[in-house]
Protein chains: 2
Amino acid sequence: MTMDSLELMRNLAQPSTGKIILLILDGLGGLPHPDTGKTELETADTPNLNRLAKEGTTGLIDIVSPGITPGSAAGHLALFGYDPLRFTIGRGALEAVGIDFDLKPGDVAARGNFCTADKNGLVTDRRAGRITNEECARLCGLLDGMTIENTRLFVRPVREHRFIVVFRGDGLNPAVSDSDPQQPGVLPRAVSALKPGAAKTASITNKFIAQAKRLLAGQHPANMLLLRGFSERPCFPVMTEIYQLKPAAIAVYPMYRGLARLVGMDILDPGTGLEDELKTLKANYSAYDFFFLHVKGTDSAGEDGDFERKVSVIEELDRALPELIDTGPDVLIVTGDHSTPAVLKGHSWHPVPVLLHSRWCRPDRTTEFGESACTSGGLGRFSATQIMPLAMAHALKLTKFGA
Amino acid sequence: MTMDSLELMRNLAQPSTGKIILLILDGLGGLPHPDTGKTELETADTPNLNRLAKEGTTGLIDIVSPGITPGSAAGHLALFGYDPLRFTIGRGALEAVGIDFDLKPGDVAARGNFCTADKNGLVTDRRAGRITNEECARLCGLLDGMTIENTRLFVRPVREHRFIVVFRGDGLNPAVSDSDPQQPGVLPRAVSALKPGAAKTASITNKFIAQAKRLLAGQHPANMLLLRGFSERPCFPVMTEIYQLKPAAIAVYPMYRGLARLVGMDILDPGTGLEDELKTLKANYSAYDFFFLHVKGTDSAGEDGDFERKVSVIEELDRALPELIDTGPDVLIVTGDHSTPAVLKGHSWHPVPVLLHSRWCRPDRTTEFGESACTSGGLGRFSATQIMPLAMAHALKLTKFGA
C-alpha cells in the first residue's frame with residue numbers, strides 16, 4: 001500500500017452527527033472449558049449480545065497478526081486504528097500518562113513494583129504481597145522529590161504495589177535495562193545503558209535504587225523496589241485530526257485512560273464500575289460522537305484462570321446492555337483487545353470475536369455472539385485496525401475514495 | 001508495517017520444550033472429480049486426518065496471493081515463514097544444494113535435462129525417456145571436469161534425466177537465458193546474456209553445450225542436453241536464529257532437502273518412503289523441536305493427472321498417521337505447499353487446506369479435512385507465511401508483543 005490506513009481515513013473522514021460506541025471487553029476471546037467445549041463467551045447467558053449479533057454482523061479480528069499475543073496497549077491502539085507494529089509505547093510512559101502524570105518531552109518514565117527482599121537482598125515476592133493503594137501512596141511519599149545529578153525524580157503511586165518513577169532533566173535516555181529480574185529468588189539487577197547515550201540515566205537510576213533501598217529498609221513487606229519499561233512519551237497523531245471525531249474515553253483502569261489520552265480522547269469520569277460508566281455515557285452523550293467504553297473484569301478473570309468469573313462478568317455486561325443500547329448509537333461495536341482464555345491464565349494470540357450493530361450493516365446468518373459463531377460471520381476474519389474504518393463507514397462518516 | 005513478520009518472530013521467539021511437526025503433503029490441494037464433485041482429499045478415506053480436524057482447527061492458505069500458482073520452492077519457503085516474493089531462489093541453485101553440492105559464492109548453477117534430439121537437432125523428448133539414475137550418473141561422468149575460459153565446470157547427476165552444471169570461476173553472472181525451449185519439435189535455444197555483465201557466462205555455456213553435444217552424440221536416447229534456471233546460491237536468514245528452534249528436515253526428494261538446508265535445518269536420513277521417514281522421526285524425536293516432513297507422492301500423482309493415485313497416496317498417509325501422532329508433538333500441522341489438482345495435471349493457484357492440531361487451538365465446527373470443510377474452518381483464509389507464527393504460538397514459543 002502506498003497510502004496507509006490512517007492516511008486514508010484522514011483523506012475520507014468528514015464530520016457527521018452519527019454516533020459510535022466502541023465497547024471493549026478486555027481479553028474477551030477465550031478457549032473452551034474442557035468439560036463443555038464452550039468458551040467463556042459461549043457459556044455466558046447473553047440474550048442481548050445475541051440479539052445484537054443476530055441483527056448485526058460479526059467476525060473475528062487479529063490484533064497484530066495470526067499467532068501474535070498482544071499486550072493491552074498494542075491491542076487498544078489496533079482497535080483505535082493505529083498499526084501496533086508502527087505505533088509503540090513503553091510501559092513506563094503508558095503507566096505515567098495513565099495516572100494523569102503530565103509527562104513532558106525529554107522525561108523518562110519507568111514502571112515500578114514495591115517488592116519484598118530477604119536479608120540477603122534476594123527478591124522473595126515481586127509484588128510485596130500486593131500492598132494497599134494507601135500504603136503504596138505512603139511509600140511513594142517517602143521516595144518522591146529526590147534530585148540526583150541535577151535530575152528531578154517524581155515517584156507516584158499507581159495501584160496496589162505498582163508505582164511510577166519519572167526522571168526529569170537534561171540528557172536523559174530511556175535505553176536502559178530493567179532492574180526487575182522478573183522472577184523471585186534472585187537479586188534485583190543493576191541497571192545498565194543499552195546505548196552509548198544512556199550511561200547517565202543508568203547511573204542516576206542505580207543511585208535512586210540504592211537510596212530507595214535505604215529508605216524502605218524498615219517497611220517490610222515493601223522493603224525494596226523493581227523498575228522496568230523505561231520509556232519516553234510517544235507522539236501519536238490524534239483521533240480528532242484523523243477521523244474528524246470528537247472522542248471520549250470511559251475507563252475505570254488508569255492505563256486505558258492514559259492510552260486514550262495519547263490518541264487525543266477526552267477522559268470522562270468513569271466512577272468505579274459498569275453502572276457508573278453507563279451513567280457517564282448518558283450524561284455526556286450529546287457532547288461527543290465517539291465513545292470508548294472499557295470493561296476490565298473479563299481480562300482480570302481470565303488472567304486469574306477463573307472461567308466462571310469471566311462468564312459472570314460477561315453476563316453482568318449483557319444485563320447492562322439495554323441501557324447502553326437505549327442511548328441509540330448509530331454504530332455499536334463490541335469486541336476485545338485480545339483473548340485472555342481462563343485455561344491459559346494470560347493473554348493469547350487467538351482471534352477476538354467482534355460484533356458490529358448498525359442500521360447500515362449487512363446482516364449475516366450469525367444468531368449468537370461467540371467465537372465459534374463469529375467464525376462464519378459476515379465480517380470474516382480481518383485485522384483489528386480495520387475496526388475504525390468500518391465504524392466510520394457505518395456511521396456514514398466517510399466519503400467515497402477515488403473518482 | 002515497520003516490522004516484518006520474520007523480525008517479529010526474531011523479537012518474540014524463545015526456546016521451549018514444545019515440539020512442532022510440519023507435515024507437508026506436496027501439492028495437497030485439489031479440484032473435484034467431474035463425476036463425484038469431490039476433490040482428491042475429500043474422496044480419500046481419512047479417518048485420522050478427520051479426527052485431527054475435528055479436535056483441532058482448520059483453514060485455507062494462500063501461498064503467494066490469490067490467483068498465483070507457486071513453484072515448490074516458493075511454496076515451501078512460505079510455509080517456513082519466508083515471504084516468497086522477497087526470498088527467491090533460482091532452480092539451478094536449489095537443485096545444486098539439493099544434492100549436497102557445496103555451492104560457493106560466485107558459482108553459477110543451472111539445472112539440466114538429458115534429452116533426445118533427432119538428426120536435425122530438433123528435441124523429440126525433453127526427458128530422454130526418463131533414463132535411469134545410473135545412466136544419468138554415467139553420462140554426467142562423460143561431461144564433468146571441463147575447463148572453459150578459465151572456468152571450471154562440475155556436472156553432477158540428480159535423478160533420472162536430471163542433472164546440474166555448476167560454473168566456478170571469476171566474473172560469472174547468472175543473468176543468462178535458458179537453452180531449454182520447454183517444448184518438443186524445436187531446436188534447443190542458444191544461451192544469451194540478459195544483462196551486460198553476463199556475456200562471458202553465456203559464451204562459456206554455449207561452448208559447454210556444443211562440446212556436450214559432441215560427447216553425447218552416440219548416447220541415444222540421451223544424445224543432447226537442455227539447461228535452465230541459471231542462478232546463484234541465495235543467502236537466507238536461518239530458522240535457528242529467527243525462531244530459536246532446532247529444526248530438522250525429513251524429505252526423500254533432494255530439492256526439498258536442499259531448500260531445508262538453505263533455511264538452516266539439519267537434514268536427517270529420509271530413507272526411501274513414508275515408513276522410513278517415520279522411523280527417522282522417532283529416532284531423532286528428542287534431538288529437535290521442529291520437524292519438516294515431506295511427502296512427494298500427492299504432487300507427483302496430481303502432475304500425472306492420476307486422481308485415483310493421489311487419493312491412494314493420501315489414504316496411505318492417513319493410515320501411517322497414528323504412528324506420527326504417537327510421538328506426541330505439541331503442535332501438528334498438516335498442509336501442502338500448493339495445490340496440484342489431478343484435473344489440471346499441474347500446480348495451481350487454489351488455496352491449500354491446512355489443519356492445526358494442538359492442546360491450545362480453539363476448535364471449530366469442522367469435522368473433516370477437505371477443501372470444502374476448511375472453507376468454514378476457524379483459522380479462516382490466510383497467508384501461508386502465518387503458518388510458522390501460528391505453530392510457534394501454539395507451542396508456547398512466543399512472548400507477548402508490546403506493552
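Let's start where the two chains meet: 24 residues of chain B and 33 residues of chain A take part in the contact, where "in contact" says that the C-beta atoms of two residues, placed from the backbone, lie within 7 Å. This is a predicted model, in which local features need pLDDT of at least 70, side-chain atom pairs count only at pLDDT 80 or more, and totals for chains, interfaces and linings use all residues. Residues are numbered from 1 along each chain as its sequence is written, while chains are lettered from A and ligands numbered from 1 in the order in which they are written.

Look at chain B's side of that contact. At least two residues each come from α1 (5–12), β14 (380–383) and α14 (387–394) of chain B, and α14(B) gives the most, with four residues. (Helices are DSSP runs of H or I with at least four residues, strands are runs of E with at least two, and both are numbered from the N terminus.) By class, this side of chain B has 13 nonpolar, seven polar and four charged residues. Here Ala, Val, Leu, Ile, Met, Phe, Trp, Tyr, Cys and Pro count as nonpolar, Asp, Glu, Lys and Arg as charged, and the others, Gly among them, as polar.

How do the copies relate? Turn chain B by 123°, shift it 0.1 Å along the axis, and it lies on chain A with an RMSD of 0.3 Å. That's the relation of a three-fold axis. The superposition is by least squares on C-alpha atoms of residues with pLDDT of at least 70 in both copies. In chain B, the C-alpha nearest the axis belongs to Ser376(B), 3.6 Å away from it. The copies use different surfaces, as 8% of chain B's contact residues recur in chain A.
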